[in-house]
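Please keep the sequence and the three-dimensional view at hand while reading.

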Amino acid sequence: MKIIVTSIFVEDQDKALEFYSETLGFVKKHDVPTGEFRWIALVSPEEQEGTEILLEPNNHPAAKEYQKKLFEEGIPVTMFGVEDVHKEYDRLLKHGVNFSIEPTEMGEVTIAVFDDTCGNHIQIIQQ
């Protein structure tokens with residue numbers, strides 16, 4: 001068994017697609033109409049056959065509440081691995097990304113947390 005898709009609830013799929021592709025650099029793999037919304041899945045440019053990130057609309061009340069509570073508590077919804085947290089932090093700052101936690105060493109890893117502009121905190125980690 002392996003992980004093939006993981007979802008991130010977003011407030012606006014178009015805004016999320018722009019942020020995750022243009023700012024973060026993920027590659028759009030699927031963008032399929034599914035009624036009122038779309039099945040939008042992105043992948044890492046380095047692993048285009050790897051795990052997909054699904055930009056899931058938060059239109060269900062439970063999804064909205066879940067997303068809101070995590071954001072209010074500053075809890076990241078997911079974690080992305082990077083080779084160099086400081087380098088990625090500097091690159092994202094130049095794109096106007098807001099960080100709630102600047103690069104911080106925690107034992108053998110370095111992390112940082114930013115706002116994805118779509119209702120989520122995202123953690124990056126260098127192992």
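This is a predicted model: local features need pLDDT of at least 70, side-chain atom pairs count only at pLDDT 80 or more; totals for chains, interfaces and linings use all residues.

In the hairpin formed by β2 and β3, two residues stand between the strands, and G35 takes a positive phi near 85°.

Strands of a sheet pair through backbone hydrogen bonds, in either a parallel or an antiparallel sense. Here β2 and β3 belong to an open sheet of four strands, in the order β1-β4-β3-β2, and its pairing is mixed. The edges of this sheet are β1 and β2 (27–34), each of which pairs on one side only. From one strand to the next, the twist averages 25°. Helix α1 lies across β1, β2, β3 and β4, and runs at about 10° to β3.

Strands β7 and β8 run antiparallel and are joined by six bridges. In this pairing A112 stands opposite I124 in β8.

| Strands | Bridges | Residues opposite each other |
|---|---|---|
| β7 and β8 | six bridges | A112 and I124 |

Strand β8 also holds Q123. Is Q123 buried or exposed? Its relative accessible area is 15%, and because buried means under 20%, Q123 counts as buried. Apart from residues up to four places away in sequence, Q123 touches P76, T78, M79, F80, I111, A112 and V113.

A contrasting position is I75, in the loop between α2 (61–73) and β5. The relative accessibility of I75 is 39%, so this residue counts as partly exposed. Beyond its neighbours within four places in sequence, I75 is in contact with L70 and H121. Along the chain I75 and F9 are 66 residues apart, and their C-alpha atoms are separated by 14 Å.

**The nonpolar core**

The largest nonpolar core of the model has 24 residues, and those with the most contacts inside it are Y20, L24, L55, F80, F99, F114 and I124. Two or more residues each are given to this core by β1 (5–10), α1 (13–23), β3 (37–43), β4 (52–57), α3 (85–94), β7 (109–115) and β8 (121–126). The largest share, four residues, comes from α1.

F114 illustrates how such a residue is surrounded. Leaving aside neighbours within four places in sequence, F114 is in contact with F19, L24, L92, V97, N98, F99, S100, N120, H121, I122 and I124.

**Aromatic residues**

A pair of aromatic rings is described by the distance of the centres and the angle of the planes. How many aromatic pairs does a search of the whole structure find? The search finds six aromatic pairs. In one of them, the rings of Y89 and F99 have centres 4.6 Å apart and planes at 65°; the pair is therefore edge-to-face, since planes over 60 degrees apart fall in that class. Y89 belongs to helix α3 and F99 to strand β6 (residues 99–106), so this pair ties together parts that are ten residues apart in sequence. Both Y89 and F99 are buried. These two residues form one aromatic cluster together with F19, Y20 and F114.

**The annotated span**

An unreviewed UniProt entry carries the annotation "domain: VOC" for residues 1–127. In the model, the end C-alpha atoms of residues 1–127 lie 24 Å apart, and the span is 27% helix and 43% strand.

Note on methods: Residues are numbered from 1 along each chain as its sequence is written. Side-chain values use heavy atoms; hydrogens and water are left out. A nonpolar core is a set of buried Ala, Val, Leu, Ile, Met, Phe, Trp, Tyr and Cys residues joined through side-chain atoms within 4.5 Å. Buried means under 20% relative accessible area, exposed over 50%, partly exposed in between (1.4 Å probe, protein chains only). Contact means heavy atoms within 4.5 Å. Two strands pair if DSSP finds at least two bridges between them. Axes are lines fitted to C-alpha atoms, for helices over the stretch in contact, and angles run from 0 to 180 degrees between N-to-C directions. UniProt positions are given in the numbering used here, feature names are shortened, and annotations may be inferred rather than shown by experiment. Rings of Phe, Tyr and Trp (its six-membered ring) pair if their centres lie within 6.5 Å; planes under 30 degrees apart count as stacked, over 60 as edge-to-face and the rest as tilted.
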